[in-house]
Amino acid sequence: MALGALVSAVGLVVDDRILVGAPIWAKPFKFSLSFTAYGLTLAWMLAQTTWGRRTGWWAGNVVVLTALVEMVLVIGQVIRGKRSHFNAETAFDANLYTVMGLTVVALWAATLVIAVLLLRTRLADRATAWAIRGGVLIALVGAGLGFLMAQPTAEQRAAGNLDTADVIGAHSVGVPDGGPAMPLTGWSTTGGDLRIPHFVGMHALQLIPLFLIALVLLAPRIARLRDDELRLRLVRVVTAGYAGLVALTTWQALRGQPLIHPDAATLIATGVLLAAVAAGAAAALRTAHGPVSVNAQTEPASDSKEFTA
């Protein structure tokens, strides 16, 4: 996937073709980077399992194989100058898209197997266990949101020509794909965009464990963070808040609302979510154990060293 990102970066420089309002190599570049992070994180998580390791090995290889097939098809369509997703222009294009859909289902199922293994694995540090399990479960929800894009849009259903349509499904809600978009991400600025909750959800896999790693790295400087119970409480708050963010961005996208132009209802919901997270963090800090002793401050707790290892 890292090699695919490099090849796609070169394509962005030397190939000036535009497809659906974006540079034609932008999609394989973003997909390759996302799969790189996804694969690295799942590999680390699989290394934590103590139960069903052979099953995890097979599930991990299914993720690898399906991701490779997905990227081969995406890059192949770029070379042909065709859309990879939602393309029903010809029978060949439609069959390729069907294969892509099957690989995504297989990848999701393999990740679900890994999630089950992680749920059954007993980890010494409870904060680590919560970060890993919360991250992978929210990522499964985020990946599942991608299936909403494959459904015909309201406009496509209203047209009544699904049997002969060239395009079935869309990223955007309420506006056609390929319109005005945010830089880098390509997310719509005039309508809803289901890629936003899809992206946010999938990358819980990295961001929640990274939050815990940040707490562990700060522990030598901030004595209170050496308390494993405090770290567990903070990770729980962040995990709940992150799940709320996925729900909020999904709700906003399904209402056909651009991320950068929220209405009053979205702003109120965002404020409520932020207030809840802040209140949860404050409660976690209030209920944490008292100041650690001088001896405890001279050496990080054993669970911190275990997580780092």
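Modeller: What follows describes the nonpolar core of a predicted model, and then the helix contacts.

The largest nonpolar core has 25 residues, and Y38, V63, I114 and L205 touch the most other members. Helices α2 (26–47), α3 (53–80), α4 and α5 each supply at least two residues of this core. The most comes from α3, which gives 6 residues.

Leaving aside its neighbours within four places in sequence, L205 is in contact with Y38, T41, L42, M45, G135, V136 and A139.

Now the helices, starting with α2 and α3. Their axes come within 11 Å and cross at roughly 175°. An angle over 145 degrees counts as roughly antiparallel, so α2 and α3 are roughly antiparallel to each other. On the α2 side the contact is made by K27, P28, F31, S32, F35, Y38, L42, L46 and A47. On the α3 side it is made by R53, G56, G60, V63, A67, E70, M71, V74, I75 and V78. By class, these residues are 13 nonpolar, 3 polar and 3 charged. Two of them, Y38 and V63, were named above among the core residues that touch the most other members.

The next pair is α4 (residues 91–120) and α5 (residues 126–149), whose axes come within 10 Å and cross at roughly 160°. The angle is again over the cut-off of 145 degrees, and α4 and α5 are therefore roughly antiparallel to each other. The crossing of α4 past α5 is left-handed. From α4, the contact uses V104, V105, W108, T111, L112, A115, L118 and L119, while α5 brings I132, R133, V136, L137, L140, A143, G144 and F147. Sorted by class, the contact has 13 nonpolar, 2 polar and 1 charged.

The last pair is α7 (residues 195–202) and α9 (residues 228–254), which pack at an angle of about 170° with their axes 8 Å apart. These two helices are therefore roughly antiparallel to each other as well, and their crossing is left-handed. Here I196, P197, V200 and G201 in α7 meet Y242, L245, V246, T249, T250 and A253 in α9. This contact has 7 nonpolar, 3 polar and no charged residues.

Methods: Residues numbered from 1 in each chain as written. Predicted model: local features only at pLDDT ≥ 70, side-chain atom pairs only at ≥ 80, totals over all residues. Heavy atoms only, no water. Axes fitted to C-alpha atoms, helices over the stretch in contact; angles between N-to-C directions. Helix = DSSP H or I, 4+ residues; strand = E, 2+ residues; numbered from the N terminus. Parallel < 35°, antiparallel > 145°, perpendicular 65-115°, else oblique. Left-handed = near helix turned anticlockwise from the far one by under 90°. Contact = heavy atoms within 4.5 Å. Nonpolar A, V, L, I, M, F, W, Y, C, P; charged D, E, K, R; others polar. Core = buried A, V, L, I, M, F, W, Y, C linked by side-chain atoms within 4.5 Å. Buried < 20%, exposed > 50% of the residue type's maximum accessible area, 1.4 Å probe, protein only.
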